[in-house]
Amino acid sequence: MGAPPIEVRGLVKQYGEIVAVNDVDLTVEQGDIFGYLGPNGAGKTTSLRMMLGLIRPTAGSVRIFGRDPQVSVGALEGVAGFVEAPTFYPYMSGRANLELYAAFDGGDGAGRIDQVLETVDLRDRAKDKVKGYSHGMRQRLGIASALLRSPRLLLLDEPTTGLDPAGMRDMRELIRDLGERGITVLLSSHLMPEVEELCNRVAIVRSGSVAYEGSLDELRARAGISYRLRTTDDSIARRVCEAQAGIEDVAEARPSGLHFKAPGEAAVASLSLALAESRAPVIELTPRQASLEQVFLQLTEGEDRAAEMAAAADEIEAPA
Amino acid sequence: MKAGVLTVYRWELRKLIAQRRTYLGLGAAAAVPIMFVIAVVTGGGHPDEVAFGRYIHDTGLAIPLVLLLFGSIWLFPLITALVAGDIVSSEDRNATLKMILTRSVERHQVFAGKALAAATYAVVAIMLAGVVATGAGVLASGFNSVTTLSGTVISAPHGLLLVGASLLVYMLPILAIAGIGLLFSTVFRNSGAAIVGTLMFSLLLQLVAILPGLSGLHPYLLSTQFSAWQGLLRTPTDWDPILRSVWVCALYAVPAVLAAGLVFLRRDVAES
């Protein structure tokens, strides 16, 4: 078995006092559509730049199919993508830009220009100068320039940023399609729903560090099930919940009631009995799977923000 | 075909052809000699204070030689800086470095291709100015014999040969200016700053040349090398200023290009 498409170990990038990337470990396996998820400023783009050999790590290593991109661009053979928005020479046409990139690739990419323009639906505008292109067209031309390299690995940095809803849908369909063709994709994004829709594995970064790496299923399991509880007396109910074995993370829900986490249904059944005995009979007891958005916020912004979001969800779902 | 320096060089030339600033520089290189000749024809006077100035009505071959002297003050350094000062920083302006450096050409190949393209443009611009000045001069004053700086009269064909050779010697300081423009372009990452900086550097050296008490420095100033070609128009040929120009210009150009290359190889492409 060959080296994984991306293997990052102990990666650090420091600008003076500021640590942009802090001890990142990451492995992207063959065939993954890997979500690299984090809020703006979490260090995603800096990590991608180091993976592409554009900036030097302060410490740690990057291996792309086992090779170090800092040593030679030869390590990027079969690798394509872009960081931040893809960029072009505005005074040349879309086609001329692709011809330039194909020439810099040195392979047979020039012969596939029509094909990749067709894939990204830009064939009709290929003769126009890039300075007249919309943001969405530039994003699609960026994908086209990446496809010229017949990549085995695509690194895409926020490819849907700035696109309208239809553009976002088309871009996601394109990424899904590329994944189905067997191309390994590293997709950097700050949008959990996007990652949830496209990716099988994910790394969540916060302040330059990886807070979670694994499959989305494991992440969902880690999120656990929370329960919403309404009784005739919330203050008694809260005391009972906090005293009950197996009941965790008790918090107020809005506009009324409580929510809590429990490892299994037995603890919830015991709680139900205890509430009845304490003269705070249950009006509503509803299990709810925590959304990945909540888990993401919990990992990137802490418990408080996740609880706020859960409370807001409670408010929306609460009976009038 | 594997991509390399030649690939980058070809595409840099193609990019130059697609940009307006290229034509601005080349246009100036062609227009200024024509304007000069029109002024000579309509004005009737001649700039006695510069070498060959007094012969501009006698032979058209004197026109390019006078133009070389006038052009060295700011015109040719500016034309050279227009492209040399932009060739790397334009990648910062368009944020395209991240795109080209993740293809299959190494950084040193990208840099070498750009340096060669900047040098090619400078050579083409000076040659264009020389050819236009010679053509316009011959039309205005005729294809006649030339009186050298030693007072010897040489035939027109011989004079034409020496004008061509003078243009070649003139390339030495022009290429040094291009090297400095390349350095500023790489370090400043801003075309305006690099172009103005290159021109300022050239003007500063001319200022040093006229400061009293610094005459010992004159032979080693870049501005002095713009007159080295005059050695060809002496009888016998005075090779000293030409040979000195070779190494003095190299002394300016080589460290500038090496420093630019080092900065380019080591820089983090973080903003573009």
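This is a predicted model: local features need pLDDT of at least 70, side-chain atom pairs count only at pLDDT 80 or more; totals for chains, interfaces and linings use all residues.
**View 1. An open sheet of three strands in chain A.** The order is β2-β1-β4, paired antiparallel; strands are DSSP runs of E, at least two residues, and helices are runs of H or I, at least four, numbered from the N terminus. Strands count as paired if DSSP finds at least two bridges between them. At the edges sit β2 (18–28) and β4 (59–64) of chain A, each pairing on one side only. From one strand to the next, the twist averages 20 degrees. Strand β1 (residues 6–15) of chain A is joined to β2(A) by seven bridges, and A:Q14 has A:V19 as its bridge partner in β2(A). Helix α1 (residues 44–51) of chain A packs on this sheet and touches β1, β2 and β4 of chain A, its direction making about 120 degrees with that of β1(A). Axes here are lines fitted to C-alpha atoms, for helices over the stretch in contact, with angles from 0 to 180 degrees between N-to-C directions.

**View 2. The surroundings of A:T58.** Leaving aside neighbours within four places in sequence, A:T58 is in contact with A:V12, A:K13 and A:Q14 (contact: C-beta atoms, placed from the backbone, within 7 Å). Why is A:T58 partly exposed? Because 15 other C-beta atoms lie within 10 Å, while buried takes 20 or more and exposed 12 or fewer.

**View 3. The largest nonpolar core.** Such a core is a set of buried Ala, Val, Leu, Ile, Met, Phe, Trp, Tyr and Cys residues joined through C-beta atoms within 7 Å. Among its 158 residues, A:A144, A:V185, A:L187, B:A118, B:A122 and B:L182 touch the most other members. Helix α7 (residues 107–141) of chain B gives the most, with 15 residues. Beyond four places in sequence, A:L187 touches residues including A:I33, A:F34, A:L156 and A:C199.

**View 4. Where chain B meets chain A.** Here 23 residues of chain B are in contact with 23 residues of chain A. On the chain B side, α1 (5–17) and α6 (97–100) each supply at least two residues.

Notes
Residues are numbered from 1 along each chain as its sequence is written. Chains are lettered from A and ligands numbered from 1 in the order in which they are written. Two residues are in contact if their C-beta atoms, placed from the backbone, lie within 7 Å.
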